[in-house]
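Me: I'm new to this one and want a quick tour. Can you walk me through it while I look?

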Amino acid sequence: MMKNKLVTLLCPTTVVCFFMEALFASCGQSQRVDNSVDTLADSVVAERRELPLYPDTALPSASRVSADITVFDTLATGRLASVESLYDGKQGWFTFRGNNLRNADYGGKVKGVPSKVVVDWKFLTDFDSSPTSMGTWGGGTGWTGQPLYVNWTSSQVEAFRKQSPGLTPDFTNQEIIVASLCGRVYFLNFTNGRESRKSIDVTNPIKGTCSLDPSMNGNLYVGQGIPKETPVGQVGINLFSHSRTFFSGADRKAWRGWVAYDSSPLAIGGYLFWPGENGTIYKYTITDNALSLHSTLRYRCKGVAPGVENSMCAYNNYGWFGDNRGNIICIELNTLKPVWHYDNHDDIDGSPVCEVEGDVPYIYVGCEVDKQGDNGICYFVKLNGLTGQKVWEQQIECRKLNLGGKHFDGGLYCTPLLGKGDCSNLIFANICQRNTSANAEFTAFDKSTGEVVYRVALNSFAWSSPVAFYNENNQMFVFTGDSSGFAYLIEAKTGKVLFKQHMVNNFESSPVVVDNHLVVGSRGREIYRFSVE
C-alpha cells in the first residue's frame, strides 16, 4: 500500500496558492530544452519553454485510492525528459483525438456554409466470423476505432522504400492507419483508399484507437480488445520492418481479470503511458523497436479494481483518466502517484478532455447510465485539473436501450468536442437515450456554466465523437454520426441541421479530419473517406 502525504484542503484560493508555491519551490525557474521533432527527416531542433512541474503531493481525496506502484527498471529515474506535447506541430494525427489534451478539432476547413457530405472512396476490411465469448466481431471498426493520419516527409518516404517489405505500389506520403474488429491493422492511401502497405495480423479484434509514436521512429502501438485467442495484450509494430516487435502478454499481477486495451496510449517525455482494463496503468520506456516496462500503478477504489477504457489526457506532468466505476483520477506522470480523486458515479467510457484557461487545466468528462440500472443520471462535469474541485455539474436523466436482446447504456460514450471560432463558449457531446422520445441528442453546453444551450435529436444512439470544420469567417460546423448510419452536418452556433442522410451501416467509430475530408469506419467491413462540401 502506498502511503501518501496529505495536505489540508482549504478554500479554492488557498489551494491555488499552495500549488503555485509548490511549483516554484520544487522546480525553481523554468528551463529551456531542445527537442528533436523528426528523427528520420533532416534534424529540426526548436527551443521551447518548459513549464514548472506540478507537485506530486497528494490531496486529501487521493486517500480514496488504494494504490500500489511498482518500479521494474530501477536504473531509470522515471523523470520525463520534457513535458511538452510531442504531438503538436506534427504533419498528421497520431493518437485518439490528436494530442495529449484529447481536444484536437483537427482544423477542418470548408468554404462558406457547407450543405452536403459526399463519399470519396470506400475500403473493405476482412471479415472474421470466428466465435468469441462475446459473439462474432466481423470487420470494419467499432468504438472508438478512430483512424490515424500521417503525412510522411520525403526523407521518411525514401527510408520506408529502402527498408520496409510491406509497401505496395500505392504507398505515398499521405497515409491512413486504422485497426479493425477483424484483428488486422490496415494502411491506406489517403487519396484513393487503396492499401498502401500489406495489412498486419494482430490476432484479436481491436476496438480502440492505435497510436503512432510522435518521435517518428516507426513504432505503432495497438491494443487488443476482445479475447478471440489468449493471451490478450498490448502490441508494438515497427513500420520499417513491417512486423510485430512487442507483445505484453498476460499480466499475472493485475488486480482485475478483464485484460482488454481499448485506451489509446500517450507518449510523453520518453515514456509511453498505457491504461488497461485490468486495473493497471503501464509506464513504458520507449526504445527504437520495442517497449521496456518501467513501472505500473495498480489501484482500487472502495475495494474494487476498475478498468480504464477511455484514453488518458495529460498536461504538463499530470494525467487524468476515468474508469468503469466512475472514478476520475489525476496522477503525477513522473511517479504515477495519485494526486486527487473525484467520484462521478458511473461507468466512464468517453475520454476526458482538457482545456487550459489561463494557467489552469480544466477537465470535461461525463458518465453513462450503467451501474445505476435501467434509468439514471448522466453526470457531465467540469473539474479543476489541479485540485479535482467541481466547477459545474450538469445532470441529464437517461435510460438504457434494449434492442434485439441486448442493452445499450445511456449517457455519454463520445469524447466531447470543444467549441472554437464563433463557438468558443460552447462544448458539444452526443448524449444517448435521454428520458425523451429521442434515442440520442447532439447537445451544446455552455463551457462557463454547464447549461444546455440546445439539443438536436438524432435517429439512434450515438457513440461516435463529433468533429469540427471552420470556414473563412471562423464559423464552426460539426459532423457527427449515429449508430443507424445517419450522418449529420450541424451549424454549431445555432444547432441548425444543414445535412442529414443515411450513409453507412453504423457510425460507432470516431472520425479523423484532414482539410474538408474525414475518414471513419463502420461496423461490418467498411472504411470511408467523405468530403464536406
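**A pair of strands to start**

Reply: Let's begin with Ala487, which stands opposite Gln501 in strand 39. Strand 38 (residues 486-491) and strand 39 run antiparallel and are joined by five bridges. Strands here are DSSP runs (E, at least two residues; helices are H or I, at least four), numbered from the N terminus, and two strands pair if DSSP finds at least two bridges between them.

Me: What should I know about the model and the numbering?

Reply: It's a predicted model, where local features need pLDDT of at least 70 and side-chain atom pairs count only at pLDDT 80 or more, while totals for chains, interfaces and linings use all residues. Residues are numbered from 1 along each chain as its sequence is written, and side-chain values use heavy atoms, with hydrogens and water left out.

Me: What is the strand order in the open sheet of five strands?

Reply: The order is 5-36-37-38-39, with mixed pairing. Strand 5 (108-109) and strand 39 (497-502) are at the edges with a single partner strand each, so one side of each has no neighbour in the sheet.

Me: Switching topic: is strand 22 mostly covered or mostly open?

Reply: Mostly covered: six of its six residues, 327-332, are buried. Buried means under 20% relative accessible area, exposed is over 50%, and partly exposed is in between (1.4 Å probe, protein chains only).

Me: Which residues sit on each side of strand 22?

Reply: Asn327, Ile329 and Ile331 are on one side, with Ile328, Cys330 and Glu332 on the other. In a regular strand, side chains alternate between the two faces of the sheet.

Me: And which strands does strand 22 pair with?

Reply: Strand 21 (residues 318-322) is joined to strand 22 by five bridges, running antiparallel. Gly322 has Ile328 as its bridge partner. That hairpin has four residues between the strands, and Gly326 in the turn has a positive phi of about 85 degrees. Strand 23 (residues 338-343) also pairs with strand 22 in the antiparallel sense, over five bridges, and there Ile329 stands opposite His341.

Me: Which ring does the charged end of Arg197 sit over?

Reply: The ring of Phe160, 4.3 Å from its centre. Lys500 lies over the face of Phe486, at 5.6 Å from the ring centre. A charge sits over a ring if NZ of Lys or CZ of Arg is within 6 Å of the ring centre and within 35 degrees of the ring normal.
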